[in-house]
Amino acid sequence: MTGDRLPHEDLAAAWRKARPRPAGRHLDSAAMSRQSHRVLEAAAHHARHEAELGGYVAEATADDLLQQGRSVLGGLAGMAAADVAFVESAQAALVALLTGWRLPAGSRVACLPGEYAPNIAQLRACGLRPEPLPVDGIGRAEPERVARLLTDDPPAFVHLTHIPSHRGLLQPAAEVAALCREAGVPLVLDAAQSLGHTDTDVGADVVYGTSRKWLAGPRGVGFLCVRPAIAARLTPVLPEPEGVPPMRAFESGEAHVAGRVGLVIAMGEHLAAGVDRVRERLVAIGRLTRDLVDGVGGWQVVEPHDEPTATTTLRPPDGVDVVATRSSLLSEHGIVVSAIGPERAPGEMTGPVLRISPHLDASVDDLEALAAAL
Ligand SMILES: *Cc1c(COP(=O)(O)O)cnc(C)c1O
């Protein structure tokens, strides 16, 4: 077993060197990645600036940087800076979108049977009716059947979670986007697990997500990108301030600006690493993880072996408790992973899984240590 089983080792070394040394083996980026020194320092620097200059004066000095950030986020989603609003989380983005859209109660929204439970709850809280998108046995949308649904009985919009939280599965978002466009049905893409992980410029009408996962930015920051045709249908609670694009009405005036600054720096690091190289290494890490852990101690990999994501989930052997396993991996082996219960995606999960989600710095040694511990 040698290091050349993973491509772009330079990315791993650079990622590691740019960050505080981990206390153990961090294989949990689908929950939250480790921030870099520069990201931590930029956020701290802005907070210090607030204390020195006054919060709103400091915010004005960060204006250009924040606008660069909107531009990069827009670029990653296939949109423009004017289409982007910073919000507090992915959930906050969805709430802002639904609040502004004001769809009639009872409007149907097609989403995956394995949709993230909090998203379903938000749709319902807005009086919308989630209905299942047709999927195959693993939970992947089936474009031919989706096309039929869109022509026979079009929903108000399609909500697609690009990579779910409970499974390392990549949905065919570009194909679904093309079908939605053809049918005139808007596509809303939950990119919380996909931005910084895979290509999110897929032609969706709305893309939203979060800072703390694959982009390795601070917590408490998210974003909402909306194409002008959909933005024109939104009614914000309050109008945008004078002289800024309409989507700015969805940014909260009172915000964790230091966190937004940190996210902008994190995105700069992501671009500098080379997004294609980042994706290639993450895909290789996912494949190697599945190679090394499938069947070990009776744990079974859920995803297809070659699924192009870094996230792997494992079903436990009979009688083994996933939450207890997650705890002992942490306390006895210093390995950080997540236990995901079926309440995360009750329409699809039949039991709990252990989720392994390494970022660029993962080594063959880390993954072998996980396999040995299991
Ligand atoms: C984490 C996650 C969210 C929620 O992100 P927050 O920033 O915590 O609101 C939404 N969707 C998916 C698929 C996620 O994994």
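Helices here are DSSP runs of H or I with at least four residues, strands are runs of E with at least two, and both are numbered from the N terminus. What you're looking at is a predicted model, where local features need pLDDT of at least 70, side-chain atom pairs count only at pLDDT 80 or more, and totals for chains, interfaces and linings use all residues. Residues are numbered from 1 along each chain as its sequence is written, and side-chain values use heavy atoms, with hydrogens and water left out.

Let's start with the ligand. Its shell, meaning residues with a heavy atom within 4 Å of it, is made up of Ser-89, Ala-90, Gln-91, Tyr-116, Thr-161, Ser-165, Asp-190, Ala-192, Gln-193, Thr-210, Arg-212 and Lys-213. Sorted by class, that's three nonpolar, six polar and three charged residues; for the sorting, Ala, Val, Leu, Ile, Met, Phe, Trp, Tyr, Cys and Pro are nonpolar, Asp, Glu, Lys and Arg are charged, and the others, Gly among them, are polar.

Now for the polar contacts, which are pairs of N or O atoms within 3.5 Å (within protein, one must be able to donate a hydrogen and the other to accept it, and residues adjacent in sequence count only if both atoms are side-chain atoms). A polar backbone atom of Ala-90 sits 3.0 Å from a ligand oxygen, and one of Gln-91 is 2.8 Å from a ligand oxygen. Lys-213 uses its side chain instead, with an N or O atom 2.8 Å from an oxygen of the ligand. On its own the ligand exposes 380 Å², and the protein buries 92% of that, going by Shrake-Rupley accessible areas with a 1.4 Å probe (for residues, only the protein chains shown count as cover).

Next, the pockets. A 1 Å grid is laid over the protein atoms alone; a pocket is an open set of points with protein on both sides within 12 Å along at least five of seven lines, points fit a 1.4 Å probe, and lining residues have an atom within 4 Å of a point. Grid points are joined across faces, edges and corners, and volume is the space filled by probe spheres set on them.

The largest pocket comes to about 360 Å³. Of its 15 lining residues, Glu-59, Arg-70, Pro-241, Arg-248 and Glu-251 lie nearest the centre. α4 (63-77) and α3 (55-61) each supply at least two lining residues, with α4 giving the most, four. The lining splits into six nonpolar, three polar and six charged residues.

The second largest pocket, at about 260 Å³, has a lining of twelve nonpolar, two polar and two charged residues. Trp-15, Arg-19, Glu-269, His-270 and Ala-273 are nearest its centre. α1 (9-17) and α10 (257-273) each bring at least two residues, and α10 has the largest share with five. Domain 1 (9-27 + 274-373) and domain 2 (39-272) each contribute at least three, with bounds from an automatic or database domain assignment.
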